[in-house]
Amino acid sequence: SARLATAVREAGWLELRGDGGDGAALASGVEAAIIADALGEVVADVPFTGPTLAAELARRAGTRPVDGAVVAFSADLIGAAVVSGPATGEPVLAVDCTADGPIAAYVLIPDGDGYRLGVVEAEANRAREGSDLTRAIRSLPAGASIAPVPGQSRRLTRDDLEAFAALGLALTSADLVGLMRGVLDLSVDYAKMRRQYGVAVGSLQAVQHLLAESRCLLEGALSAALYPAWAVDQLEPGEACAAGRGAKAYGARAARTVCETAVQVHGGIGNTWDCTVHLHLRRALLSSQWFGDDGEQLRQLERTRLGVTHGLS
């Protein structure tokens, strides 16, 4: 894990959404999504989406990201945590952060008609939470002090936060696509190798149908995820966010089905620690919930179509 984290950092992947010198990101949403997809496929236990989202907020606030920073989310993981006052009023969650050691997490501080960034530092011994064994979630307790982030040249607006959400939806959707591809490859290989009653289980029609349906779901999720990754930088924030919601709604449902199918295809061993497919399923549960599950995305799309305004958080 440490070697992989070093390689990711030295490759510059954590700086993809940093300032390229003109206020625009160094790399596009498509390029960031490609990395998220690849890391998801191999269930890489290294922070990427968390630091990338932190760099996005820092760039939009006109400052450099704090080293190792991620974004603190509300307990439901739907939006970045909004905190009024010098300390957190309730626990918030730092997502996709380092599994051990101290961390820093951004929160949104209301300021006039926008927001400024504050940073909450977590204790080094704060335990990780959640089902995902490859990306750490650490709880920052109520009453944690908030320090201002120096050098902010502008307030974050509604458009900034919608663009941030659009990036988050694109990256989590890409992660789900990678997860499905990886676990489906494992399942196909296992079905070819595993023999029962003298034949490979992959030769049985029932197993073939399960794997074929999983392939169809994967291809659909991939097609749905391409557009919002492009939209992050090419469309207005509201449109990009709506594109991401559609992809996330489809991808979250598809990923759970594909990962649970993988467990079933592996038979009894699929429910044991000796089989790695549970890593894909666990990671899919976090990616599905992060920025809102399929039900949340469909509710927000309905509200948008009806012209209902909603909060920024």
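A: Let's begin with α4 and α5, which pack at an angle of about 155 degrees with their axes 9 Å apart. An axis is a line fitted to C-alpha atoms, for helices over the stretch in contact, and the angle runs from 0 to 180 degrees between N-to-C directions. The two helices are therefore roughly antiparallel to each other, a label for angles over 145 degrees. Keep in mind that this is a predicted model, where local features need pLDDT of at least 70 and side-chain atom pairs count only at pLDDT 80 or more, while totals for chains, interfaces and linings use all residues. Numbering starts from 1 along each chain as its sequence is written, and side-chain values use heavy atoms, with hydrogens and water left out.

α4 passes α5 in a left-handed crossing, meaning the near helix is turned anticlockwise from the far one by less than a right angle (clockwise would be right-handed). On the α4 side, the contact includes Leu167, Val177, Arg181, Leu184, Asp185 and Ser187; among its α5 partners are Leu211, Ser214, Leu218 and Leu222. Contact here means heavy atoms within 4.5 Å. By class, this contact has 17 nonpolar, three polar and three charged residues. (Ala, Val, Leu, Ile, Met, Phe, Trp, Tyr, Cys and Pro count as nonpolar, Asp, Glu, Lys and Arg as charged, and the others, Gly among them, as polar.)

Next up is α3. The axes of α3 (residues 49–60) and α4 (residues 158–193) come within 10 Å and cross at roughly 160 degrees. That makes α3 roughly antiparallel to α4, and their crossing is right-handed. Thr49, Thr52, Leu53, Glu56, Leu57 and Arg60 of α3 touch α4 residues including Phe164, Leu167 and Leu171. Sorted by class, you get seven nonpolar, three polar and three charged residues. Leu167 is in this contact with α3 as well as in the one with α5.

Then comes α2 (residues 29–41), packed against α4 at about 35 degrees with the axes 7 Å apart. Here too the crossing is right-handed. From α2, Ala32, Ala33, Ala36, Asp37, Gly40 and Glu41 take part, and they meet α4 residues such as Leu171, Val177, Arg181 and Asp185. This contact splits into seven nonpolar, three polar and five charged residues. Leu171 faces α2 here, and meets α3 as well.

Now for the gaps. The structure holds two cavities of 30 Å³ or more. A cavity is a set of points, on a 1 Å grid over the protein atoms alone, where a 1.4 Å probe fits but cannot get out, and lining residues have an atom within 4 Å of a point. The largest has about 60 Å³ of space, and its lining includes Ala36, Thr49 and Asp175.

Terms used:
Helix = DSSP H or I, 4+ residues; strand = E, 2+ residues; numbered from the N terminus. Parallel < 35°, antiparallel > 145°, perpendicular 65-115°, else oblique. 1 Å grid on protein atoms, 1.4 Å probe; cavity = no way out; pocket = protein on both sides within 12 Å on 5 of 7 lines; lining within 4 Å. Points joined across faces, edges and corners; volume = space filled by probe spheres on them.
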